[in-house]
Amino acid sequence: MMSAGILRLRLRKLWLVIGFSLVGFVIYGTLTSNPIDMGVHVSDKYMHTVGYFVLMGWFMQLYATQKGRLFWGAVFIAMGIGLEFLQELGGIR
């Protein structure tokens, strides 16, 4: 159903749970001393960028207003930068 130009998402809570689970996975994978080996051998910066981009796109679709998209875009850009600094401070990777 359309309401004020916004499509109502069925099972919205499920999509949010999946999204925040993905956030947890990215945070864990970024800060752990023993990350999960996915068999892909590329720069960790590339993997982080792809992970943050996927999360940003995920939440931008769930919050499909202009303000919501800008907010979640900014949140995941800030999260990516913050996690890179935390990873550096940890001295493990």
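Reading along the sequence, we get β-β-α-α-α for the protein chain. That is three helices and two strands. Keep in mind that this is a predicted model.

Some overall numbers. The chain has 93 residues, and 23% of them are buried.

On to the helices. Two packed helices are described by the angle between their axes and the distance between the axes. We have two such pairs to go through.

First pair: α1 and α2. Helix α1 covers 12-31, and α2 covers residues 44-62. Their axes come within 10 Å and cross at roughly 160 degrees. Angles over 145 count as roughly antiparallel, so α1 and α2 are roughly antiparallel to each other. The crossing of α1 past α2 is left-handed. Who makes the contact? From α1 we have R12, W15, L16, I18, G19, F20, L22, V23, V26 and T30. From α2 we have H48, Y52, L55, W58, F59 and L62. By class, that contact has twelve nonpolar residues, three polar and one charged.

Helix α3 runs over residues 66-90. Here the packing angle is about 155 degrees, and the axes are 9 Å apart. With the cut-off at over 145, α2 and α3 are therefore roughly antiparallel to each other too. The hand is right-handed for α2 passing α3. On the α2 side, the contact uses D44, K45, H48, Y52, L55, M56, F59, M60 and Q61. On the α3 side, look for R69, W72, G73, F76, I77, M79, G80, L83, E84 and Q87. The classes here are ten nonpolar, five polar and four charged.

Note some α2 residues that turn up in both lists. H48, Y52, L55 and F59 contact α1, and H48, Y52, L55 and F59 also contact α3.

Now α3 by itself. How far does α3 reach from its first C-alpha to its last? The span is 36 Å over 25 residues, close to the 36 Å expected at 1.5 Å a residue.

And which residues of α3 are buried? They are G68, W72, G73, F76, M79, G80, L83 and Q87. What do these buried residues pack against? Both α1 and α2.

To wrap up: α1 and α2 cross left-handed, while α2 and α3 cross right-handed. Buried residues of α3 pack against α1 and α2.

Definitions and conventions: Residues numbered from 1 in each chain as written. Predicted model: local features only at pLDDT ≥ 70, side-chain atom pairs only at ≥ 80, totals over all residues. Heavy atoms only, no water. Axes fitted to C-alpha atoms, helices over the stretch in contact; angles between N-to-C directions. Helix = DSSP H or I, 4+ residues; strand = E, 2+ residues; numbered from the N terminus. Parallel < 35°, antiparallel > 145°, perpendicular 65-115°, else oblique. Left-handed = near helix turned anticlockwise from the far one by under 90°. Contact = heavy atoms within 4.5 Å. Nonpolar A, V, L, I, M, F, W, Y, C, P; charged D, E, K, R; others polar. Expected span 1.5 Å × (residues − 1). Buried < 20%, exposed > 50% of the residue type's maximum accessible area, 1.4 Å probe, protein only.
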